[in-house]
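User: Could you walk me through this structure? I am new to it and would like to take it step by step.

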Amino acid sequence: MTLTPAQQLAATDRAHIIHPYLPGTAEERVVMTEGKGCRLTDAEGRSYLDATGGLWLAQVGHGRKEIADVAHAQMQQLEYFTSFWEFSNDKAIQLAERLATLAPDNLDHVYFTSGGSEGNEAAIKMARYYHHRRGEGSRTWILARDKAYHGIGYGGGSATGFPVYHEGFAPMMPHVSHLTPPWPYRTELYGGADPTDFLIAELEGRIAQIGASNIAAMIGEPIMGVGGMLVPPADYWPRVREVLDRHGILLIFDEVVTAYGRVGEWFAAQHFGVKPDIITTAKGITSGYTPLGALLVSDEVTEALLQDHGFPMGYTYNGHPVAAAVALANLDIIERENLLPRAVTMGEYLHDQLTDALGDLPIVGEIRSVGMMLAVELVADRETRTPLPMNPARMPHDVIRKETGVIVRDSAHSLVLSPPLIMTEQEAKEAATAMRSVLERTTPAGDITK
């Protein structure tokens, strides 16, 4: 039998590539070959609407020629040289200066990485090293939260609050303690108490249990993406910051997902009115055109890190000149096309479309959003809020993609959307209609009828 070019690509993929989270028994491959705007095309010529931005990124959309031109020009000028020791390059310097102007006050210093997992590894080490340099080496504990996702490195993976990321990899990094997540829809987590009051009391209790003098930092996503796009109450982060300040504990904001316009601000720290000590970013900094991450670090932490021999940690591609040039071009587009306010207005429009299309369905418990981060939480019963059972053979997001070409993501019994910030109203309607076409056939038992 002669295979088509698309079938040959899929067969070669199955033979040679180890995919994250894909069992070896899975035969299906969707081989993407082209992207433009919010649209993708696979090797068989089928078109898709990307309502996920890949993995929460693609802020400016796919296929921007002006970014490709910048990368081409930079590769011809300087494709790479190390940024270790006294070495640097002009594009990394320009990008660091640009980020300092966009960041919350006092976060004027930048440490480059190749992505979010590397960033969270660096942030955890920075926090511990900061206290070590100040003569408080006992501060090694990291506070994190259940349902958190901080990458899959050793430190970030230990802070991640899903058992599946720990099973089989133990022992994980010691001195990590997980707290209850802010998930207001799940009132049962708080025993009838106000969610923020409960969570702050729990935080104070955990600090007392471990001992404030033993805790380096708390790491948290401002809005918990993989956990199901969990939006905390407005008073949660300011009150957390006050508690941590009182005990000399640093606050690390994992903004790998939320930064660079996703929530309608450059950083979610600005949305919540909080000043962290360290912000980790990646993804939207280049809209995925090249791998890059950047930590924004406070003056106080930086001063301690740069003492003596400096911060003894680096990655080969720290401050990569091509990635930095691409990031500058990407930030230019976000500013020029007013994508921050657009994230707010389009996010509201998409939320309204989802509400109109799905709000009457008995399996839809809640639709929540901030900017262009949205989630539809699925339940078996609206009154009890029992999570909808999922049939691995026919997951709603898979059926939506196969039947309609709209790509959404399943995350903790929720369907989450994080489209490019350039999504149009027509594309928002298309996404909502596609979801309706499948969810209206989804039973409280999790079955999807024909």
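This is a predicted model: local features need pLDDT of at least 70, side-chain atom pairs count only at pLDDT 80 or more; totals for chains, interfaces and linings use all residues.

User: How many aromatic pairs does the structure hold?

Analyst: Rings of Phe, Tyr and Trp (its six-membered ring) pair if their centres lie within 6.5 Å; planes under 30 degrees apart are stacked, over 60 edge-to-face, and the rest tilted. Counted over the structure, the aromatic pairs come to 12.

User: Are the rings of Tyr21 and Tyr165 stacked or edge-to-face?

Analyst: Their centres are 6.0 Å apart. The planes stand at 80°, so the pair is edge-to-face.

User: How many residues apart are Tyr21 and Tyr165?

Analyst: Helices (H or I, at least four residues) and strands (E, at least two) are DSSP runs, numbered from the N terminus. Tyr21 sits in the loop between α1 (5-16) and β1 (32-36), and Tyr165 in the loop between α6 (154-159) and β6 (176-179). The pair thus links distant parts of the chain, with a separation of 144 residues.

User: Is Tyr165 buried or exposed?

Analyst: Buried means under 20% relative accessible area, exposed over 50%, and partly exposed in between (1.4 Å probe, protein chains only). Tyr165 has a relative accessibility of 17%, so Tyr165 counts as buried.

User: Which residues form one aromatic cluster with Tyr21?

Analyst: Tyr165 belongs to this cluster along with Tyr21.

User: Which residue lies over the face of Trp183?

Analyst: A charge sits over a ring if NZ of Lys or CZ of Arg is within 6 Å of the ring centre and within 35 degrees of the ring normal. Here the distance from the ring centre is 5.7 Å, and the residue is Arg186.

User: Which element gives the most to the lining of the second largest pocket?

Analyst: On a 1 Å grid over the protein atoms alone, a pocket is an open set of points with protein on both sides within 12 Å along at least five of seven lines, a cavity is a set where a 1.4 Å probe fits but cannot get out, and lining residues have an atom within 4 Å of a point. Of the 25 lining residues of this pocket, the closest to its centre are Ser83, Val110, Tyr111, Leu306 and Asn318. Elements that give two or more residues are α4 (90-102), β4 (109-113) and α10 (299-305). With four residues, the most comes from β4.

User: What is the volume of the largest cavity?

Analyst: Grid points are joined across faces, edges and corners, and a volume is the space filled by probe spheres set on the points. α7 (195-210) and α8 (236-246) each supply at least two residues of the lining of the largest cavity, and the largest share, three residues, comes from α7. The volume of this cavity is about 40 Å³.

User: Is Arg401 buried or exposed?

Analyst: Arg401 is found in helix α13 (residues 396-404). Leaving out residues up to four places away in sequence, Arg401 touches Glu28, Val30, Arg46, Tyr48, Val406 and Ile407, where contact means heavy atoms within 4.5 Å. Its relative accessible area is 13%, so Arg401 is buried.

Definitions and conventions
Residues are numbered from 1 along each chain as its sequence is written. Side-chain values use heavy atoms; hydrogens and water are left out.
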